[in-house]
Amino acid sequence: MALAAATVLRFGYPSCKPNAPAGRNRCCCNPQTTTGNGVLAINRSTWNGAAASSEATAAAGRRRDKKDVVDEEDEWPSYLTPERLDVLREMEPWVEEHVLTLLKPVEASWQPSDLLPDPAALGSDGFHAACLELRAGAAEVPDELLVCLVANMVTEEALPTYPSGLNRFEVVRDATGADPTPWARWIRGWSAEENRHGDVLNRYMHLSGRFDMREVERTVQRLIRDGMSFHGPVRSPYHGFVYLTFQERATAIAHGNTARLVGARGAGDSTLARICGTVAADEKRHEAAYTRIMGKLFEVEPDAAVRAMAYMMRHRIDMPTGLINDGRHSGRDFYDRFSAVAQQAGTYTVSDYRGILEHLIGQWGVKELASGLSGEGRRARDYLCALPNKMQRMEDKVLERAVKARNEPTRIPINWIFDRVISVVLP
């Protein structure tokens, strides 16, 4: 699950206080121009406007009086009542039949050695020749796509964070590490499938010769050390499954876009295109699983489900790469720069974010919800249904403002690619 946020995408859930202030995540969406030397340049007005648009989008969902805020903070413990948790226990036979079947048997699963040169199978001469061919294809990939690929890989490699996050969810957690429940078996099976993603991307990057792998590996270690921000009730499966569905779809989009951009009609790296397409297909299966789970909750607990979804969208779906750190920059400073590169490269954009929301609204029949909703549930439904249009209007305003300003880009060396420079107009 990468999403690297902007690409992406993986899941982790920090240990947070129930009444902590909601976090704010901005999507910096920056159409780009190119300097004479082919270096990426992002227009300053677009950068500022995109940040403002994202912040305004989040703010649009958060405008409520003090009493509303207190009510929202007091509401989430209701998701941990015995009645609500019993719903998840009663779903176990359904999970066995409709969710676990989306995992593939190990014997039928691809492995990284299927997609990359294998010295044991090729012999030394054949392996050498295959590596030279791989390096020739990788040489054609633009630097901005390489930066996005690193973020995707780093997010995948931070896998230890994500099952530990799921194991904070009440009822569905794997309490012993080897529980026989369908929920626990899903967590372990999903983690096992996800584990291959970072492995195959890491090996490709190592063989390609285009990355400073020591710097990339340090970034992986930092992200696992620093964790990630969930911005939701950390023990509530309802909120967690909304997040997981969104992130798995975002990850599938990011890897799928990368496959397209580096494929035959793009950079021409057939090996990387095959790898990213294979990973994207895994993420689509995982998205289908979490979509089914949340769809079942919409069926049996529509009021709780729609209110949980609205809560998560008000506070934004924070990307797993939010705390990515290259050793020089950290937090918002680096994440915003990377998000701008992902936007201009086309691996994951603000339009993708809005598109995911529209897709899930339709998938879960949010517009059609009527019976079983409380007053708060109806307000949550109406908020969600209006949100995509609000996002679109804000994006349009940003684009209108973007053409009015011209600023010089800042040249930023990226240590992942041996300090080669990508030029970015900073806010």
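In the predicted model, Glu299 and Lys296 are joined by a salt bridge in which the closest N and O atoms are 3.4 Å apart. Both residues belong to helix H12, where a spacing of 3 residues places them about one turn of the helix apart. Glu299 has a relative accessibility of 57% and is classed as exposed, because the exposed class begins over 50%.

Another of them pairs the side chains of Arg89 and Asp86, with an N to O distance of 3.0 Å. Arg89 and Asp86 are separated by about one helical turn, because they stand 3 residues apart in helix H3, which spans residues 82–90. Both partners are partly exposed: the relative accessibility is 43% for Arg89 and 34% for Asp86.

The loop between helix H11 (237–262) and helix H12 (270–300) contains Gly263. This glycine is likewise buried, at a relative accessible area of 7%. When residues up to four places away in sequence are set aside, Gly263 touches Gly268, Asp269 and Ala273. The C-alpha atom of Gly263 is 9.8 Å from that of Cys276, a residue 13 positions away along the chain.

At the level of the whole chain, 16 helices and 5 strands are present. Of the 427 residues, 59% are buried. Among contacts with a separation of 6 or more, 82% are made by residues 24 or more positions apart. The accessible surface of the chain amounts to about 17200 Å², and carbon and sulfur atoms account for 50% of this area.

Notes:
Residues numbered from 1 in each chain as written. Predicted model: local features only at pLDDT ≥ 70, side-chain atom pairs only at ≥ 80, totals over all residues. Heavy atoms only, no water. Helix = DSSP H or I, 4+ residues; strand = E, 2+ residues; numbered from the N terminus. Buried < 20%, exposed > 50% of the residue type's maximum accessible area, 1.4 Å probe, protein only. Contact = heavy atoms within 4.5 Å. Areas by Shrake-Rupley, 256 points an atom, 1.4 Å probe, with all protein chains shown as cover. Salt bridge = Lys/Arg side-chain N within 4 Å of Asp/Glu carboxyl O.
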